[in-house]
Amino acid sequence: MFKYEFPAISYRFSPSVGEYRSFGTQQLRDNFLIEKLFADGEIILHATDLDRAIAGGIIPTESPLKIGSIDALRCDYFFERREGGVINIGGAGTIEVDGTKYEVANRECLYIGRGSKEVVFTSSDKANPAAFYLLSYPAHKEYPTTHAKIEDANKLELGSKDTCNERTLYQYIHENGIKSCQLVMGFTELAVGSVWNTMPSHTHFRRSEIYLYFDVSPENQVLHLMGQPDETRPLWIKNRQAALSPSWSIHSGAGTASYSFIWGMGGENQRFDDMDGFPISDLK
Ligand SMILES: O=C(O)C(=O)C[C@H](O)C(=O)CO
Ligand SMILES: [Zn+2]
């Protein structure tokens with residue numbers, strides 16, 4: 001029944017911390033921006049050497065989509081040595097993991113534990129398909145596959161209207177929530193009229209991070225800032241595109257209108273507040 005896919009996967013290798021400083025616009029985009037992550041009826045995967053993350057976009061339309069094995073990972077099945085978090089940013093859908101079906105509505109999350117063999121993604125309505133964002137990292141042990149609805153997330157109210165950064169952060173996979181080996185994941189929603197995320201900005205030498213921007217209307221973009229605090233660079237980002245953030249890079253953005261983004265991290269610890277913050281006055 002399902003379309004058995006050996007998904008398309010692309011690889012990228014990170015430039016060094018010194019190199020990005022001399023990059024022009026296209027080189028920055030080629031190295032740090034994932035432009036095409038979602039396409040109807042496809043599984044698209046991007047692998048990076050940043051903590052060996054794989055970011056994927058999955059939009060089932062005519063038929064369910066199954067993640068097959070990937071030759072470059074030398075695995076029999078995708079989750080053989082990996083864990084993954086999935087957040088649905090589209091219409092309602094189902095994820096079936098080894099025979100158990102999870103209904104995953106818009107903004108809900110499914111953690112998929114290491115060892116899960118058959119993972120199949122389906123949209124409930126092909127006219128309004130699900131859009132599953134997958135973020136995966138290597139895992140050393142199995143944690144149970146777990147579904148979370150928005151009300152299960154830990155909610156943090158951040159920022160203020162005065163600084164145009166009023167937002168709600170939803171933590172799904174974290175130290176006190178869904179258990180994982182290294183993945184920490186959730187999403188942040190900007191209040192209407194607020195545009196800045198993650199300002200004051202930070203790095204975290206212990207982890208790398210990936211931001212997927214969504215609910216950005218076609219006439220708007222997010223101006224994402226990356227780089228070391230004393231030498232930042234802009235990436236203009238459209239809806240459903242992602243920015244890679246090495247451990248030495250800040251990751252902050254301002255939208256031309258409000259928007260949401262999924263943040264996800266892998267690395268050496270899972271302490272969400274283990275950040276190296278920088279005063280706004282130090283940014284260049
Ligand atoms: O709104 C925010 O601030 C964030 O979402 C911050 C990210 O979660 C992050 O960068 C965590 O390290
Ligand atoms: Zn961060």
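**Close-up views of a predicted model**

**View 1. Tyr211 meets its bridge partner.** Tyrosine 211 has alanine 243 as its bridge partner in β22. The model shown here is predicted. The pairing of β19 with β22, residues 242–245, is antiparallel and runs over 4 bridges. Strands in a sheet are held in pairs by backbone hydrogen bonds, in a parallel or an antiparallel way.

**View 2. An open sheet takes in both strands.** How many strands form the open sheet? There are 7. Their order is β3-β22-β19-β24-β16-β15-β14, with antiparallel pairing. Which strands stand at the edges? They are β3 (33–34) and β14 (154–158). Each of these two has a single partner strand, so one side of each has no neighbour in the sheet.

**View 3. Four annotated residues gather at one spot.** The UniProt record, an unreviewed entry, places a "binding site" feature at His202, His204, Glu209 and His251. These residues span 50 residues in sequence. Yet no two of their C-alpha atoms are more than 11.3 Å apart, so they gather at one spot. The next two views take up a pair of them.

**View 4. His202 sits in strand β18.** This strand covers residues 202–203. Is histidine 202 buried or partly exposed? Inside 10 Å it has 17 C-beta neighbours. A buried residue needs 20 or more, and an exposed one has 12 or fewer. Histidine 202 therefore counts as partly exposed. Neighbours within four places in sequence are set aside for its contacts. That leaves Ile250, Met275, Asp276, Gly277 and Phe278.

**View 5. Glu209 sits in strand β19.** Residues 207–214 make up this strand. Glutamate 209 has 25 C-beta neighbours inside 10 Å, so it counts as buried. Which residues does glutamate 209 touch, not counting those up to four places away in sequence? They are Ser245, His251, Trp263, Gly264 and Met265. One of these, His251, is also listed in the UniProt "binding site" feature.

View 6. The protein has 1 helix and 25 strands. Its C-alpha atoms fill a box of roughly 55 × 35 × 35 Å along the principal axes. A compact globule of 284 residues would have a radius of gyration near 19 Å. The protein has 18 Å, which agrees. Of its 284 residues, 45% count as buried. Take the contacts with a separation of 6 or more: 72% join residues 24 or more positions apart.

Technical notes
Residues numbered from 1 in each chain as written. Chains lettered and ligands numbered in written order. Predicted model: local features only at pLDDT ≥ 70, side-chain atom pairs only at ≥ 80, totals over all residues. UniProt positions renumbered as here; feature names shortened; annotations may be inferred. Contact = placed C-beta atoms within 7 Å. Rg over C-alpha atoms; globule rule 2.2 N^0.38 Å. Pairing = 2+ DSSP bridges.
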